[in-house]
Amino acid sequence: MIMAFSSYNFNPFLSFSFSSTTTTTTLLPRLYSIKLKWKSRTSTPFGSKVVGSSIRSSPTQSIPVESPSPSGGSKTMTSNSSALTIVEVDLGNRSYPVYIGSGLLHHPHFLQKHLVGKKVLVVTNTTIASLYLDKVIDALTRDNPEISVETVILPDGEKYKNMETLMKVFQQAIESRLDRRSTFLALGGGVIGDMCGFAASTFMRGASFIQVPTTVMAQVDSSVGGKTAINHPLGKNLIGSFYQPQCTLIDTDTLTTLSDRELSSGLAEVIKCGLIMDADFFKWQEENINALLAKNPHAIAYAIKRSCEIKAQLVSLDEMECGIRAILNFGHTFGHAIENGVGYGQWLHGEAIAVGMVMAADLSLRLGWIDETLVKRIHTILEHARLPTSPPQCMTFEMFKSIMSVDKKVADGVLRLVLLKVSGSSL
């Protein structure tokens, strides 16, 4: 499908009343609860005019794609010329590893040691099944004849992330006589991971599950942290749970079959990670965006690793998103409204989040928390990543207002937005 991203010709003006919230001062965003009083103003499109100016920066070390520097929060082991990185999500007795590396599906022990019980239900979709289902079944059963594997193949796409599709997972689980000592395995992108995890969290009040993400979006974001959900016609991910996997296995070789559009969509979440937590990482992205788009294996591996480290750190601090974890929602309130407004699946998640980040950056600029140079940098890297920077023309002010009013981040009638505030030691 060829998509045209038209210019945004609506610019709401918002007046705010702030309530205090706990944040970590070393992080880039500051999280506020903002009660919105809406008025319209159409003088300037969101982000359409940016003028260069100075911005305070910290010294940045460029990380070559050939040999990215190690970062905290993970350990790297090298064997037979291929590096395995393990990022730990520290949640006490529910901690779990995120395995990152090339060819991991050829090493059965990574999955087998995390299986619970003797029955596995692999949940995948029509696109991924023909590519990787046989490899996963082999990894689960090789030299392990006691393991019985059932599969359910769902239609592909965000528009199927609903209760009707979820019931197909439950139907297969029940017909296959799965019990609480069984394992659900999500093989696919974010939609599959979210639905499989939600099914596991509610089947017989909880069964184990494993994430095997096959898109950049799922590898850097949705497969780490335990958020599971389905969509509702009135809002995205409104029905779900927090439920952690036994492990997440990221075989970067699965990205060889990823479309360019899906790759760009995933990079939106990578860019978000740099903006909210790591100025050096954001600078590295600016310098290496072409390598990422070319699927340079070293660049991709480093981007996934660093994004997972950031996500794991925030989840470990605030699993249930009662505080600091909420900064991962930068751009998501506006972005989710776009996904819902145009119809689930018309825009990919990362495409909508890219626009949401532009809108959130524009609001940050108006509050005087960032300057125009940073806004321009955000525009530039998103455009280089082949992502949109303007909402679709069909998204009116009233649509944004209506959809955002039922966003998950609304509390006691107050809509919370994650915005950027640059300090002297960041960006």
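Student: Does glycine 197, at 0% relative accessibility, count as buried or exposed?

Tutor: Before we dig in, this is a predicted model: local features need pLDDT of at least 70, side-chain atom pairs count only at pLDDT 80 or more, and totals for chains, interfaces and linings use all residues. Residues are numbered from 1 along each chain as its sequence is written, and side-chain values use heavy atoms, with hydrogens and water left out. Now the cut-offs: buried means under 20% relative accessible area, exposed over 50%, and partly exposed in between (1.4 Å probe, protein chains only). Glycine 197 comes in at 0%, so the word for it is buried.

Student: Which residues does glycine 197 touch, leaving aside those up to four places away in sequence?

Tutor: Glycine 197 belongs to helix α4, residues 190–202; helices (H or I, at least four residues) and strands (E, at least two) are DSSP runs numbered from the N terminus. Tyrosine 243 is 46 residues away along the chain, yet its C-alpha atom is 6.9 Å from that of glycine 197. Counting contact as heavy atoms within 4.5 Å, the residues touched are Phe209, Thr228 and Tyr243.

Student: Let's zoom out. What share of the contacts between residues at least 6 apart join residues at least 24 apart?

Tutor: The protein chain has twelve helices and 16 strands, and 56% of its 427 residues are buried. Of the contacts between residues at least 6 apart in sequence, the share joining residues at least 24 apart is 77%.

Student: Which residue in β10 stands opposite valine 122?

Tutor: Start with strand β8, residues 119–125, where six of the seven residues are buried. β8 pairs in the parallel sense with strand β10 (residues 182–188) over five bridges, and pairing takes at least two DSSP bridges between the strands. Opposite valine 122 you'll find leucine 185.

Student: And which residue in β9 is the bridge partner of leucine 121?

Tutor: β8 also pairs with strand β9 (residues 148–154), in the parallel sense, over seven bridges. For leucine 121, the partner in β9 is glutamate 150.

Student: What handedness does the unit made by β8, helix α2 and β9 have?

Tutor: Picture the strands pointing away from you: a crossover is right-handed if the path from the first strand over the helix to the second runs clockwise. Here the helix is α2, residues 126–141, and the β-α-β unit is right-handed.

Student: How are α10 and α11 oriented to each other?

Tutor: Helix α10 (residues 349–366) and helix α11 (residues 372–384) pack at about 175°, with axes 10 Å apart. Axes are lines fitted to C-alpha atoms, for helices over the stretch in contact, and angles run from 0 to 180 degrees between N-to-C directions. Under 35 degrees is roughly parallel, over 145 roughly antiparallel, 65 to 115 roughly perpendicular, and the rest oblique. So α10 and α11 are roughly antiparallel.

Student: How many aromatic pairs does the count come to?

Tutor: Rings of Phe, Tyr and Trp (its six-membered ring) pair if their centres lie within 6.5 Å; planes under 30 degrees apart are stacked, over 60 edge-to-face, and the rest tilted. By that rule the count is seven.

Student: Which elements do the buried residues of α9 pack against?

Tutor: α9 is mostly covered, with nine of its eleven residues buried, including Phe334 and His336. Those buried residues pack against β12 (227–232), β13 (235–242), α6 (260–277), α10, α12 and β16 (414–420).

Student: Is arginine 177 buried or exposed?

Tutor: Arginine 177 lies in the loop between α3 (163–175) and β10. Most residues other than glycine have a negative phi, but arginine 177 has a positive one of about 60°. Its relative accessible area is 60%, so arginine 177 is exposed.

Student: And glutamate 321, buried or exposed?

Tutor: Glutamate 321, in the loop between α8 and α9, also has a positive phi of about 60° without being a glycine. Its relative accessibility is 15%, so glutamate 321 counts as buried.
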